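This report looks at charged side-chain pairs. Have the sequence and the model open as you read.

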Amino acid sequence: MRTHVFSRKALPLILTSALMGAHFCAHAYDGVVIFGDSLSDGGIYGSRFTTNPGLTAAEYFAQGLGYTTTTSTTGGTNYAQGGARVSSPSASTPAGFAQRPVSTQLTEYLSSTGGLASNNSVYVIQGGANDLFQNLAMVQAGAMTQTELEQNIISTGKSFAQQVATLQSAGAKYIVVPNVPNLGATPAFSGVLSSTGTKVSVGYNTVVQQALAAYGANVIAVDTFGLINEVAANPSLYGFTNATTPACATPTSLVCSPATLVSPNAASTYVFADGVHPTTAAQKLESQYMLSVINAPTQMSLLSAAPLAGGMSRQRTLAANMPHAGNRTWHTFVDYDHTPTKYGEAKSTANTFLTGIDRGVGTGRVGLSVGYQKYSTSFGTSAGGFDIKEPSVGLYYSHGIGADGENGNLLASLSYGNLKLSNLKRNINLGNTTRTETGETSGHHWSLGLAADVTAGTFANRRVSHGPIASLSYEDIKFNAFDETSGTSTAMSYGAQSRRGFLASLGYQVKGHFGRFSPYAKVAYEFNGTRGSDVNARVKNAYSSFTTPALETSDGFRAELGAAMDISPMVNAHVGLGSTFGKDSGKETSLNIGVDAKF
């Protein structure tokens, strides 16, 4: 890469201030650790490189995950230091302060942990801009040729990638790596310097990407470069009025305060605090972007979780209808089941329509079912959601125990559903605007179930019976990989995901038989043996992917109350209400209504 040299008198000022440091709740992490320069510095010099008293994007990001970080020099987990280079001493480090390049910060951290990084902490590591600034200054001063500049950009990018690889080798699994922003879009590089800033940023980012790929590093790569371009191109869309001049009247944002702003609301209406550092509002916007990236795959894991409710509702529907068939040759039913399920702030509502027809064969009944399920899911807190449509077809076999099934029933079922994702809207708050990413994919849902109820005894002149109930089903759900459709910095790509395993319940029921009216009550403990695969994802235009665990449902109890009523000797209607309790995730309520006929 060839680049032009600087010719602005403002370069010494840039060198002094620049990067000296320039809830859908997803997976529960156990901490946030930060490495970098002024873009992440948490106040190691007493204030931050932004419109003070605001925080940096990395700090706001940590807060979004539930953690408040403090500087490592006060015993915290933010090791970033304004002015830091990647692995070399920095001319921007103030006198009296130790030289702590990113490589030293990482060494300090690993020395405090015995060389190990937590595989459930989130690590934010960024750097390289100070190397670019100081190398460009040497070119301007005639102390470095452009060939040497290019070589230094390559060696610095490789060194930064080595720090990331070291962190991963120590055990870190969730490593957030923001690329260097487009320096050409900052006030310090305005006018004829813009192309130079862009070229060195692109060159450095390319080297880092290639080096991390060579190391085989899996990181959470965020495209800060693309985000800054988007904001600078249309600042008013995000609530900004100025993206070309600094909000601070001071030479560096390190000493910027509300009293030194160019206007009272500049911290929230300007993009840049000084020549290169973001204002508080821009820092928050970047943290919103980072949170959207790390949360996205866990949000998408609801794709495979939602259809579980459909599998269970089919079981309930068949179990509710089959005892009414008696010994008639033919039996048919139409049924509707409504089941909302909560996963923390997220909610998925399954609406299941199922109809079936069965025929007596020997001592049992064989039937065919056709269904349509729609799962409407919300990520919570206006974060978006999706719909899944599942037309399904199934076979079932029931067998009554005793004459006319008076001693219980056995039921086996098999169904196949074609899953189609539609209306996906992943909403990302970016300043004053909300960006929506969309996408589509498809998949399948196999369900194999067994259920039984046994009459253990009766009382009240045989008008009330009671006995154990049990069910077991194997669920196989899969969705294909897909991309969100936009080409923006926030668009994501997702790998294929699946959810497989057994659902089981064991409980007891009491049933009444009072002429045409037959009420019942059930309580059971439900075991969830299904597990969703980790969801692989990446920013669509990024070079690396990462995985986060899928949302899971927990074990717990389910209680049901309902009744059946004979409308005529051949027609029966029923209604049932159910609710789970004692569950941390996957709490459900259900409504089931239907009618069946025998002939």
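Is Arg499 buried or exposed? Arg499 is buried, at 1% relative accessible area (buried is under 20%, exposed over 50%, partly exposed in between; 1.4 Å probe, protein chains only).

## Basis

The model is predicted: local features need pLDDT of at least 70, side-chain atom pairs count only at pLDDT 80 or more, and totals for chains, interfaces and linings use all residues. Numbering starts from 1 along each chain as its sequence is written, and side-chain values use heavy atoms, with hydrogens and water left out.

## Arg499 and Glu552

Arg499 forms a salt bridge with Glu552, at 3.0 Å from N to O (a salt bridge is a side-chain nitrogen of Lys or Arg within 4 Å of a carboxyl oxygen of Asp or Glu). This pair links distant parts of the chain, 53 residues apart. Arg499 sits in strand 16 (residues 497-512), and Glu552 in the loop between strand 20 (546-548) and strand 21 (556-566). Helices (H or I, at least four residues) and strands (E, at least two) are DSSP runs, numbered from the N terminus. Glu552 is partly exposed, at 24%.

Arg85 and Asp131 meet at 2.9 Å, N to O. Arg85 is buried at 14%. Asp131 is buried at 3%.

Arg365 pairs with Asp358, with the closest N and O atoms 2.7 Å apart. Arg365 is buried at 7%, and Asp358 at 0%.

## Whole structure

Glu526, Arg558, Lys583 and Glu588 join in a network of them.
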